[in-house]
Amino acid sequence: RLPLHWHEEMQWVLMLEVEAMFHVPKERIHLTEGEALFINSGRMHAAEAIGELPCVYLCLNAAPSLLLPSALYGAYIAPFLHDDRWTYRRWEGDGPSRREIVPVLNDIKQVLDEQRPGFELMLSKRLSYLWTWMIRGEDPPSTTRSGGREEQAVKTMIQWIQDHYAEPIRLDDIAHAGLLSRSECCRYFQRVLQTTPMSYVKDYR
């Protein structure tokens, strides 16, 4: 099981064997063999195998600044980082989108594995193509994230739990870390993670 965490890099996942459940804010995503998933920068996520067999998946992380030249970042990357509609993207089944993205992800993995001279340029080219393919035809993103405040508060409380998990923890402590009341704390956890604060503490321990 991969515990709940977040990072500034964007993440692409390709399920290679068996299946897994991925958790992102307010959603659970059942990913089966051959399907792909994108998780945006800074979004909380976790993963766990389904059943007794271990799952195997390819995971590619890339900083947003690597996807396009800096002159294009403000127009074609930055707005997508703050749009709730871009928390994640999933490519499932046997549709044309999945058939197109899987070879690109495998190609990026090969470039990273071989690391031939100039591989950084080849990687940059493929990441640029991947991102351009993903956002083509998309509506302009909104400028604010409706769920951003809740998610940030939950991040703060989760970080506090992870820093103090070996100590006695009360609901009041968690709520105080997020500058929330007990009821708000429970409501935020339920909305974002579909669990309670104390259940998260128990699972993390």
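Trainee: With which side chain does the side chain of glutamate 35 make a polar contact?
Mentor: Keep in mind throughout that this is a predicted model. Glutamate 35 sits in the loop between β4 (27–32) and β5 (36–39), and its contacts, leaving out residues up to four places away in sequence, include Val13, His30, Trp91 and Arg98. The polar contact of its side chain, at 3.1 Å, is with the side chain of arginine 90.

Trainee: Is glutamate 35 buried or exposed?
Mentor: A residue counts as buried when its relative accessible area is under 20%. The relative accessible area of glutamate 35 is 8%, and therefore this residue is buried.

Trainee: Which backbone oxygen does the side chain of asparagine 40 reach?
Mentor: Asparagine 40 belongs to the loop between β5 and β6 (45–49), and with a relative accessibility of 1% this residue counts as buried. Setting aside neighbours within four places in sequence, asparagine 40 is in contact with Glu9, Met10, Phe80, Leu81, Trp86 and Thr87. At a distance of 2.9 Å, its side chain reaches the backbone oxygen of phenylalanine 80.

Trainee: Which element gives the most residues to the largest nonpolar core?
Mentor: The largest nonpolar core has 29 residues, and those with the most contacts inside it are Trp12, Ile101, Trp131 and Met134. Two or more residues come from each of β2 (10–17), β5, β7 (56–62), α2 (78–81), α3 (96–114) and α4 (119–135). The element that gives the most, with eight residues, is α4.

Trainee: How many residues has the other core, which lies apart from this one?
Mentor: Among the members of that other core are Ala153, Met157, Ile174 and Phe189. The number of residues in this core is 20.

Trainee: Which residues does tryptophan 131 touch, not counting those up to four places away in sequence?
Mentor: Tryptophan 131 is one of the residues with the most contacts inside the largest nonpolar core. Once residues up to four places away in sequence are set aside, those touched by tryptophan 131 are Met10, Trp12, Phe38, Leu67, Leu68, Tyr76, Ile77, Phe80 and Trp86.

Trainee: How far apart in space are leucine 60 and alanine 47, C-alpha to C-alpha?
Mentor: Leucine 60 lies in strand β7 and counts as buried at 8% relative accessibility. Not counting residues up to four places away in sequence, leucine 60 touches Met10, Gln11, Trp12, Leu105, Ile108 and Leu112. Alanine 47 is 13 residues from leucine 60 in sequence, and the C-alpha atoms of the two are apart in space by 15 Å.

Trainee: How are α5 and α7 oriented to each other, given that their axes cross at roughly 105°?
Mentor: The axes of α5 (residues 148–164) and α7 (residues 182–193) come within 10 Å. Angles of 65 to 115 degrees count as roughly perpendicular. The crossing angle is roughly 105°, and the two helices are therefore roughly perpendicular.

Trainee: How many nonpolar residues has the contact of α5 with α7?
Mentor: On the α5 side the meeting residues include Arg149, Val154 and Ile161, while on the α7 side they include Cys185, Tyr188 and Leu193. By class, the contact has no polar and four charged residues, and the number of nonpolar residues is 10.

Trainee: What distance separates the C-alpha atoms of isoleucine 169 and valine 201?
Mentor: Isoleucine 169 is placed in the loop between α5 and α6 (171–177), and at 10% relative accessibility this residue counts as buried. Its contacts, not counting residues up to four places away in sequence, include Trp160, Ile174, Met198 and Val201. Although isoleucine 169 and valine 201 are 32 residues apart along the chain, their C-alpha atoms are separated by 8.2 Å.

Trainee: What is the phi of leucine 179, which is not a glycine?
Mentor: Most residues other than glycine have a negative phi. Leucine 179, in the loop between α6 and α7, is exposed, with a relative accessible area of 74%. Its phi is positive, at about 55°.

How values were computed:
Residues are numbered from 1 along each chain as its sequence is written. This is a predicted model: local features need pLDDT of at least 70, side-chain atom pairs count only at pLDDT 80 or more; totals for chains, interfaces and linings use all residues. Side-chain values use heavy atoms; hydrogens and water are left out. Axes are lines fitted to C-alpha atoms, for helices over the stretch in contact, and angles run from 0 to 180 degrees between N-to-C directions. Helices (H or I, at least four residues) and strands (E, at least two) are DSSP runs, numbered from the N terminus. Angles under 35 degrees count as roughly parallel, over 145 as roughly antiparallel, 65 to 115 as roughly perpendicular and the rest as oblique. Contact means heavy atoms within 4.5 Å. Ala, Val, Leu, Ile, Met, Phe, Trp, Tyr, Cys and Pro count as nonpolar, Asp, Glu, Lys and Arg as charged, and the others, Gly among them, as polar. Buried means under 20% relative accessible area, exposed over 50%, partly exposed in between (1.4 Å probe, protein chains only). A polar contact is a pair of N or O atoms within 3.5 Å; within protein, one must be able to donate a hydrogen and the other to accept it, and residues adjacent in sequence count only if both atoms are side-chain atoms. A nonpolar core is a set of buried Ala, Val, Leu, Ile, Met, Phe, Trp, Tyr and Cys residues joined through side-chain atoms within 4.5 Å.
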